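Subject: Structure handover and notes

Hello,

Here is the structure you were going to take over. My notes on it follow below.

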Amino acid sequence: MLAALEGALPDGALVTDPDVVDAYRRDRAETVVPGMPLALVRATSVADVQAVMRVASAHRVSVVPRGAGTGLSGGAAAVDGCITLSTAGLRHLHVDPVAMLAVVGPGLLNAEVKAAAREHGLWYPPDPSSFEICSIGGNLATNAGGLCCVKYGVTTDYVLALDVVLADGTLVHLGGQTVKDVAGYDLKRLFVGSEGTLGIIVGATLRLRPPPPPATTMVATFPDVVAAGRAVVEVVGRVRPAALELMDRAAVAAVEAAKPMGLDTGVGALLLARSDAGGGGGARADEVGWITEACDRAGASYVAATDDEDEGEMLMAARRMAIPAVERLGTVLIEDVGVPVPQIPALVAAVEVVADRRDTAIPVIGHAGDGNLHPLVTFDRHDADAAARAEVAFDEVMEAALRLGGTITGEHGIGTLKVRHLAEQLGPDVLRITRAVKAALDPLGILNPGKWV
Ligand SMILES: Cc1cc2nc3c(=O)[nH]c(=O)nc-3n(C[C@H](O)[C@H](O)[C@H](O)COP(=O)(O)OP(=O)(O)OC[C@H]3O[C@@H](n4cnc5c(N)ncnc54)[C@H](O)[C@@H]3O)c2cc1C
C-alpha cells in the first residue's frame, strides 16, 4: 500500500518518519488516546487527495482527514493503521469583491480568510475563539461556531459551494456561486459538520458581507452564575447582540491567573456583550440600554460599557483565552452542550449540582447567547479516582443538556469523545438514516472510522 501511495504522490508528500507522523496523530482533546497511523500524507493539491482516496479504497485502508489539529473532540485523532491526510497544504484563495465571496482551499487559517476579506473592505464572520490557529477545512468539517454566531450565524450559513473528494477518489462540486439555489438536495450542507466521515473537503466558496458597524462592548458581573443565565434569557428574548459570552467565577480566576488584566476575581459570573446595532437613530444606545436593564433586573452587581475598540478587544481576548487558561489547572474534558436559551439558568444550575456530586471542578464558559456552554470538567489525570469522577461528570452534563431539550455538542463535534452519546440524542429512526447516508457515501467505512456511529 505504501509503495502504491508513493507512486501516486509527488515527492515529499508521503511521510513515514515516526516523529513527524506522531506530531499529526492527535488534536487538542487531551484525554483522547490516538492510534498509530501507517503514514502521513501532506496533500498540496486536489489530485493528491484523490490519489490517497483511490489507493485507500483499493487497499481498504482508513483515512483520517486533518486540518490544523485544534479540534476539541478527538475528530482528527488517528486510528491504528490509518493514513493521516493533512489538507493544510491546500491554500488557494481568490476573493471576488463584487460577488462578495471567497473561493478558498481548506488549509487556509480562518484568520487568513478574514484578513483577505478585510483587504477588500469585506468580512468573513464565523469566529471560533481559535480563529488564528484553526483551518477553514476544519471549520467546515465541524460547522464551527464562535463568538459572533448569536447574531451572524455559524459556518454553514456562509457556505455557497463545496468541492469534496469522495471515498473512491471522485471529485464532486456541490452548490455554486448563486445566493439562491434549490436544485436538488442541499448536499453541501450534508458535508458541513460531517467531521471527515463522508468525504474530504478540498475547496469552498464562502459568502462575505460588509463589515459590521463599530461595536460597544459591555461587561456585567453577577453574584452567581444562575443570575447571569437569567440575564442572558432576558437579553436574547428582546435583542440580538453581536456577542453574548459567559464566564463563571472559576473561569475568570483562571484567566486572571494566566494573564493578569484586572478582572474582578470575586464575582460569581461575568457576561460580555457586544452591540453593533446600526441604522442610526440611536439604535446602538437603545440596545446597550436594554442589555443594561436586563442585567440589572437579573441582579447584576456591576454593568459597564465601552466604545473604545482596544478595551473591547481586550475583554473579548480574555474570553478567548479561557480554555487555555483553565487547561493550566489540570486535564480538561471540554464540554460543548447546547440548550434552548430559556433553559440556560437550569443548565448552569445542573452543572453546579454535578460538580458538587462528583467533587470535580467544572468552570463554565460559553457562547451563552446561543445557548452553547462549555463546562470545563477539570481534574488531575494522575489521580485515577478523580479521573473516573470526571468521566461521570462529563456524561452527566450531557445528560442534563438532553433532559433540557438540548444537544451534546453545539460546535465542537462528536469526534471520539462523544460517540457513545450520539445514539441517545438521535434516537433509533434518525440513527438508521444516518447510517444509511454513511453507507451510501463510504461503503467501505474507511473515512474517519470510530467517529460517529
Ligand atoms: C483554544 C481553543 C478555542 C476554540 N474555540 C472554538 C470556538 O469558539 N468555536 C468552535 O466551533 N470551535 C472552537 N475550537 C475548536 C476547533 O478550533 C474547531 O473545531 C476548528 O473548526 C477545528 O479546525 P482544525 O483545522 O483545527 O480541524 P482539525 O482539528 O484538524 O479537524 C477537525 C475535524 O475536521 C475534520 N477535517 C479537517 N479538515 C478536513 C477536510 N479538509 N475535509 C474533511 N474533514 C476534515 C477532521 O477529521 C476532524 O474530524 C477551539 C479550539 C481551541 C484549541
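In these notes a residue is buried at under 20% relative accessible area, exposed at over 50%, and partly exposed in between, using a 1.4 Å probe and protein chains only. This is a predicted model, in which local features need pLDDT of at least 70 and side-chain atom pairs count only at pLDDT 80 or more, while totals for chains, interfaces and linings use all residues. Residues are numbered from 1 along each chain as its sequence is written, and side-chain values use heavy atoms, with hydrogens and water left out.

Helices (H or I, at least four residues) and strands (E, at least two) are DSSP runs, numbered from the N terminus.

Loop residues

Asp359 is exposed, with a relative accessible area of 58%. Asp359 lies in the loop between α13 (344-357) and β15 (364-367), and its phi is near 45°, a positive value in a residue other than glycine.

Glu195 also has a positive phi without being glycine, near 55°. Its place is the loop between α7 (187-191) and β9. Glu195 is buried, at a relative accessible area of 8%.

Glu195 is also one of the residues in contact (heavy atoms within 4.5 Å) with Ser73, once neighbours within four places in sequence are left aside. Ser73 sits in the loop between β3 (63-66) and β4 (83-86). With a relative accessible area of 5%, Ser73 counts as buried.

Gly406 belongs to the loop between α14 (384-403) and α15 (419-441). Gly406 is buried, at 17% relative accessibility. Not counting residues up to four places away in sequence, Gly406 touches Gly338, Val339, Pro340, Ala401 and Gln425. Gly338 is 68 residues from Gly406 along the chain, and their C-alpha atoms are separated by 5.3 Å.

Helices

How do α8 and α10 pack? Helix α8 (residues 225-236) and helix α10 (residues 283-297) meet at an angle of about 145°, with their axes 8 Å apart. Here axes are lines fitted to C-alpha atoms, for helices over the stretch in contact, and angles run from 0 to 180 degrees between N-to-C directions. The crossing of α8 and α10 is right-handed; a crossing has that hand if the near helix is turned clockwise from the far one by less than a right angle, and is left-handed if anticlockwise. On the α8 side the residues are Ala231, Glu234 and Val235, which meet Trp290, Ile291, Ala294, Cys295 and Arg297 of α10. By class, this contact has 6 nonpolar, no polar and 2 charged residues. For the classes, Ala, Val, Leu, Ile, Met, Phe, Trp, Tyr, Cys and Pro count as nonpolar, Asp, Glu, Lys and Arg as charged, and the others, Gly among them, as polar.

Asp296 is partly exposed, with a relative accessible area of 46%. From Asp296 to Thr221 the C-alpha distance is 9.8 Å, and the two are 75 residues apart in sequence.

In helix α9 (residues 249-258), the buried residues are Ala251, Val252, Ala254, Val255 and Glu256. The buried residues of α9 pack against β11 (243-248), β12 (269-275), α11, α12 and β15.

Pockets

A pocket is an open set of points, on a 1 Å grid over the protein atoms alone, where a 1.4 Å probe fits, with protein on both sides within 12 Å along at least five of seven lines; lining residues have an atom within 4 Å of a point. Grid points are joined across faces, edges and corners, and a volume is the space filled by probe spheres set on the points.

The largest pocket has a volume of about 950 Å³. It is lined by 49 residues, and the closest to its centre are Thr70, Gly71, Leu72, Ser130 and Cys134. Two or more lining residues come from each of β3, α5 (136-142), β9 (200-207), α11 (309-320) and α12 (322-327). Of these, α5 gives the most, with 5 residues. The lining divides into 18 nonpolar, 23 polar and 8 charged residues.

The second largest pocket holds about 810 Å³ of space. Of its 29 lining residues, Trp123, Pro212, Arg274, Glu313 and Arg320 are the closest to its centre. The elements giving two or more residues to this lining are α4 (110-119) and α11, and α11 gives the most, with 6. By class, the lining of the second largest pocket has 17 nonpolar, 2 polar and 10 charged residues.

Regards
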